[in-house]
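Please read this note with the structure open beside you.

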Amino acid sequence: MKLEFAISGGDFSRAGIASSEVKKMLKKINVEPKIIKRVVVALYEAEVNVCAHAYKGNIFVEIDGTKIKIDIIDKGPGIENIDEAMKEGYSTASDAVREMGFGAGMGLSNMKKNADEMSLESKVDEGTKVTIINYLK
Amino acid sequence: MTIEKISQLINGNISGCTTNRDEYKVCFASDLMSDVLRIDTDNLILLTGLSNMQSIRTAEMADITCIILARNKKAAPEMVELAAENNITIIESAYSMFHIAGILFQNNIKPLF
């Protein structure tokens, strides 16, 4: 099963729509609630990150019998120092993002905490690709 | 504690899911949604001053079914609609977060840590 979503940078009113759809889909196929929560928390943080930092992005979701794999690919400024960005408390978010309740430097570490596997590639001035994998059993 | 009892204690106004029969024993107070997303406790009350779509979305993702909006923050119609769709109750109160936290603590609602 495959799903795809587009995200617009800066459009916070729509942040979370993809995560919500994925949550509904995982419920429909009877995935364990604790696993659903881990997947959607990681994905929601990723959606917020694209809204907060990138110009636009896409989410590609692939579900098979054993796992859910999600690629979040954005066009944006990229991440200069991935090691720093992964540290809790490190943030380059704007005041507007902080007013939305995010931007305290917890996003990437929350994603890592909730994903069974996570990888991150980024090119400055081009964009970022995050892959999260969660096993369904 | 039921949503009716919580609302009565903090002089609140209930919207969103008004038929919630859950019993709440624990509360977490934060305006920072990433902190909320780290919590893994069932039947938790989220006490926040953040009144926007992201507070409702955060509750949706974190399986939280009761949000108290402090400091007289009002839920916009689209927040109420999204909350109702996801069986989330919103309780608006004019009291500050500190005031609400104090009342709930006095009435045996526990902190997370």
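Predicted model: local features only at pLDDT ≥ 70, side-chain atom pairs only at ≥ 80, totals over all residues.

1. Because 15 of its 21 residues are buried, helix 2 of chain A is largely enclosed by the rest of the structure.

2. Chain A and chain B bury about 1,900 Å² between them, and 48% of this lies on carbon and sulfur atoms. On the side of chain A, Lys23(A), Lys37(A) and Tyr44(A) lose the most area to chain B, together 28% of what that side buries. The contact takes 24 residues from chain A and 19 residues from chain B.

3. Three salt bridges are counted between chain A and chain B; one of them joins Lys23(A) to Asp63(B), with the closest N and O atoms 2.7 Å apart. The elements giving two or more residues to the side of chain A that touches chain B are helix 1 (17–28), helix 2 and helix 5 (107–114) of chain A, and helix 2 gives the largest share, six residues.

4. Ser15(B) lies in strand 1 (residues 13–16) of chain B and, because its relative accessibility is 14%, which is under the 20% cut-off, it counts as buried. Ser30(B), in the loop between strand 2 (26–29) and helix 2 (33–36) of chain B, is also buried, with a relative accessible area of 9%.

Key:
Residues numbered from 1 in each chain as written. Chains lettered and ligands numbered in written order. Heavy atoms only, no water. Helix = DSSP H or I, 4+ residues; strand = E, 2+ residues; numbered from the N terminus. Buried < 20%, exposed > 50% of the residue type's maximum accessible area, 1.4 Å probe, protein only. Contact = heavy atoms within 4.5 Å. Buried area = accessible area lost by both parts, 1.4 Å probe. Salt bridge = Lys/Arg side-chain N within 4 Å of Asp/Glu carboxyl O.
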